[in-house]
Amino acid sequence: MERVTLEDVKEAREIIKEVALKTDLLENVRLSEKTGARVFYKCENLQRTGSFKLRGAYNKIAHLTEEEKACGVIASSAGNHAQGVAMGAKNAGIKATICMPANAPVSKVAATKSYGAEVVLEGQVYDDAYEKAVKLQKETGATFLHPFDDKYVIAGQGTIGLEIFEQSEGKVDTVLVPIGGGGIIAGISTALKALNPNIKVVGVQTCNVPSMKVSMANGKVTTAFNDTTIADGIAVRTPGSLTFDIIKKNVDSVVTVTEEEVAEAILYMMENQKIVSEGAGAVSTAALLSGKYQPAEGENVVCVVSGGNIDINTLYRIMSVALKQQGRRISIVAELPDVPGSLANMMSIVAKYGGNVLTINQDKLASGKYIKQQTVEATIETQGFEMVNKMKSAFIEAGIRVEFL
């Protein structure tokens, strides 16, 4: 195993200090009250390029030889490493080619291009883009910059751990860190465990792509993929060998969260901390909200918000899912008699319980329906499941057949 040490991390801090911001460590009072712990956010969503990836990419580029720089660089990324490499390459005056999944958020693709990099779209997950990058590297002779399985990249990400320790004045008990390929948690855990071996480091993945959790259970690097995820920044089917060795040694546990839990976490962070996070950055909050990680009373917990590069269209869909999960937005299909006043009667029930109609569609000629019967579809804003249940009871009492979707 190629060793990454605290000294490597400290060296990286000196190299990147003119470029990378020392991001804020902010307490989320509402989440602290909810969990009984003291919960803080390490806000890498406010980092330049919108994520932590700049740290590792810049440190790696700084260690390239002049010959390697002359060949240009190529990288594969779900989006954030792409921007870090593109910005680092631009500052160094070298050519950059980035391979990204075809379904990468439009905002990440556009941002990468804005730094002057050439973008090649390939496949549905990071691993597909990686295979394309390897092929292009062989064809062009460009220098490949791995997004996570590299000593200098890991050391760069480890600077987050140094900052957390210093900003918390050494009083941090547990750090929750997103895991994709494992670069950020390998770096953070290397720094923190060297500074205080008693600090717990807990990794968080999605249930859809639990590759590091499965690898830890099997005792070896294992590919794992169940489905696509809104946490595209950590959608890595096969974790790194170097990162796995470090994580196996330094990380206390790995937990997984569902897509719905990630969506709710994104909404919670926006409403309670005014923080916009991408899916990968929200998994640490999701672990707390879902109870997948249960802190002790008074425990000092830091959630690493790894990035904020979320596409607005994606955010809109995620918000819809989260609001539905909390009973704050419902969709219904009702069957009403086709007589005057039927729709008004139904809407009066909605209004009585404080519902706000967002969309409504009335169809009196629906295929397969009985004559003198109409179908009404509606999306309604509500204030929670208590209101929804009262509305359901009122519909039943009024003899209105309603299906809640």
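1. The chain is assigned three domains, namely domain 1 (6-52 + 151-320), domain 2 (53-144) and domain 3 (327-404), with bounds that come from an automatic or database domain assignment. This is a predicted model, in which local features need pLDDT of at least 70 and side-chain atom pairs count only at pLDDT 80 or more, while totals for chains, interfaces and linings use all residues. Residues are numbered from 1 along each chain as its sequence is written, and side-chain values use heavy atoms, with hydrogens and water left out.

2. Between the C-alpha centres of domain 1 and domain 2 the distance is 22 Å, and 33 residues of domain 1 are in contact with 23 residues of domain 2, where contact means heavy atoms within 4.5 Å. About 2500 Å² is buried between domain 1 and domain 2, with 58% of that area given by carbon and sulfur atoms; buried area here is the accessible area (1.4 Å probe) that two parts lose on being put together, summed over both. Of the area that domain 1 buries against domain 2, Val19, Thr49 and Tyr152 supply 26%, more than any other three residues.

3. Four salt bridges are found across the interface of domain 1 and domain 2, a salt bridge being a side-chain nitrogen of Lys or Arg within 4 Å of a carboxyl oxygen of Asp or Glu. Arginine 55 and glutamate 163 form a salt bridge in which the closest N and O atoms are 2.9 Å apart. On the side of domain 1 that touches domain 2, helix 1 (6-16) and helix 8 (151-167) each supply at least two residues, and the largest share, eight residues, comes from helix 8. Helices are DSSP runs (H or I, at least four residues), numbered from the N terminus.

4. Helix 13 (residues 279-289) is largely enclosed by the rest of the structure, because 10 of its 11 residues are buried, where buried means under 20% relative accessible area (1.4 Å probe, protein chains only). The buried residues of helix 13 include Gly279, Val283 and Leu288. Glycine 291, which follows helix 13, has a positive phi, near 80°.

5. Isoleucine 61 lies in helix 3 (residues 53-62) and counts as buried at 4% relative accessibility. Leaving aside residues up to four places away in sequence, isoleucine 61 touches Lys69, Val85, Gly88, Ala89, Ala92, Ile94 and Leu145. The C-alpha atoms of isoleucine 61 and alanine 89 are separated by 7.3 Å, although these residues are 28 residues apart along the chain.

Methods. Buried < 20%, exposed > 50% of the residue type's maximum accessible area, 1.4 Å probe, protein only.
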